[in-house]
Structure formats: C-alpha cells, structure tokens
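Hi,

Here is the structure I promised to send over. Have a look at it first, and then read on for what turned up.

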Amino acid sequence: MQHDAFIGQVQARARLDSRGAAERVTRASLETLAERVPASVAEKAAAQLPQEVGEHLRRVAYTPGEPYTGIRMDREEFFNRVAERAGTSYPKAIHEARCVIEVATEATEGALATQIRPALDDDLAEVLFAGSTD
C-alpha cells in the first residue's frame with residue numbers, strides 16, 4: 001500500500017474532513033504506539049509500512065534507560081496522548097487510532113497485529129485492535 005492510499009483509507013474509515021486530519025491522527029497514533037512498545041518491535045512494524053507512515057514509529061525520542069523496553073501506560077494514558085498529539089477529544093482519539101491500526105494491519109497483511117499486540121497490555125490491545133466499526 002502506498003502512502004496516499006494509506007492516508008485515504010484512514011480518512012475514509014475515521015470519517016475525517018481532510019487528509020491533513022488523517023495525517024495528524026496517523027502520526028499521533030503511531031508515535032504514541034512507538035512510545036509504548038519496545039523499539040525493536042516498532043522498527044519491525046515500521047519497515048513493513050509505507051516509508052512516510054513507518055517513520056512515525058521510528059521518530060519517537062526515547063529517554064535514557066527506556067529505549068528498548070517501551071513506556072508503561074494504561075489504556076487511558078495511551079489515548080490521552082493520542083488525543084493531545086492529534087488535537088482531538090479522548091473519544092475521537094480512540095476511534096481514530098483504531099482506524100489507523102486497522103489500516104496499518106491491513107497494509108502489513110496482519111503482520112503489524114502479530115508483532116505489536118503481544119507487546120501491549122490486554123486491555124489496551126483489546127480496544128486498539130477492535131477495528132473501526134466496533
């Protein structure tokens with residue numbers, strides 16, 4: 001999947017009014033995900049996405065002592081970070097992040113879910129991988 005198609009899918013599924021909004025939520029969701037999972041997992045997932053999209057998983061600045069472990073955060077903190085980065089509300093951040101993850105999972109033929117889901121707490125994974133229609 002190419003970058004334009006990826007962003008178009010996010011825009012359509014999240015029912016966003018612009019490509020810019022889809023870009024913003026994609027960046028916010030993947031950067032937050034990159035903070036949460038081990039760097040090696042984020043790198044593997046990034047390599048399977050369109051380059052411009054995958055860079056969001058590589059761009060996060062880790063603090064010393066945390067580069068390979070991922071930052072522990074619960075579901076609420078995760079989606080609060082997405083909302084803050086995307087400039088949206090908490091409920092919208094949940095739906096929009098789920099759309100991004102759904103498109104990313106499809107773009108990687110399921111590999112993203114296979115690699116990322118085990119690195120997340122069950123509560124967060126259940127919501128994040130629920131898809132755009134649940």
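Arg 15 is exposed, with 64% relative accessible area. Keep in mind as you read that this is a predicted model. Arg 15 sits in the loop that links helix 1 and helix 2, and its phi is positive, about 55°, even though it is not a glycine.

Glu 109 is another one to click on. You'll find Glu 109 in the loop between helix 6 and helix 7. This residue is not a glycine either, yet it has a positive phi of about 55°. Glu 109 is exposed too, at a relative accessible area of 77%.

Now for the inside. The largest nonpolar core has 45 residues, and the members that touch the most others are Phe 6, Leu 33, Leu 57, Ile 116, Leu 120, Leu 128 and Phe 129. Two or more residues of this core come from each of helix 1 (3–14), helix 2 (19–36), helix 3 (39–47), helix 4 (51–58), helix 5 (75–86), helix 6 (90–107), helix 7 (111–116) and helix 8 (122–128). Helix 6 supplies the largest share, with 9 residues. As background, nonpolar side chains in soluble globular proteins tend to be buried together.

Setting aside residues up to four places away in sequence, Leu 128 touches Leu 33, Phe 78, Phe 79, Ala 97, Arg 98, Ile 101 and Leu 120.

Ala 42 belongs to helix 3 and counts as buried, at 1% relative accessibility. Beyond its neighbours within four places in sequence, Ala 42 is in contact with Ala 34, Val 37 and Leu 57. Ala 42 and Ala 119 are 77 residues apart along the chain, and 10.0 Å separates their C-alpha atoms.

Last, the pocket. The largest one has a volume of about 150 Å³. Which residues line the largest pocket? They are Leu 16, Ala 21, Arg 24, Val 25, Ala 86, Gly 87, Thr 88, Lys 92 and Glu 96. Helix 2 and helix 6 are the elements that give two or more residues to that lining, and helix 2 gives the most, with 3 residues. Sorted by class, the lining has 4 nonpolar, 2 polar and 3 charged residues.

That's everything from my side for now.

Cheers

Technical notes:
Residues numbered from 1 in each chain as written. Predicted model: local features only at pLDDT ≥ 70, side-chain atom pairs only at ≥ 80, totals over all residues. Heavy atoms only, no water. Core = buried A, V, L, I, M, F, W, Y, C linked by side-chain atoms within 4.5 Å. Buried < 20%, exposed > 50% of the residue type's maximum accessible area, 1.4 Å probe, protein only. Helix = DSSP H or I, 4+ residues; strand = E, 2+ residues; numbered from the N terminus. Contact = heavy atoms within 4.5 Å. 1 Å grid on protein atoms, 1.4 Å probe; cavity = no way out; pocket = protein on both sides within 12 Å on 5 of 7 lines; lining within 4 Å. Points joined across faces, edges and corners; volume = space filled by probe spheres on them. Nonpolar A, V, L, I, M, F, W, Y, C, P; charged D, E, K, R; others polar.
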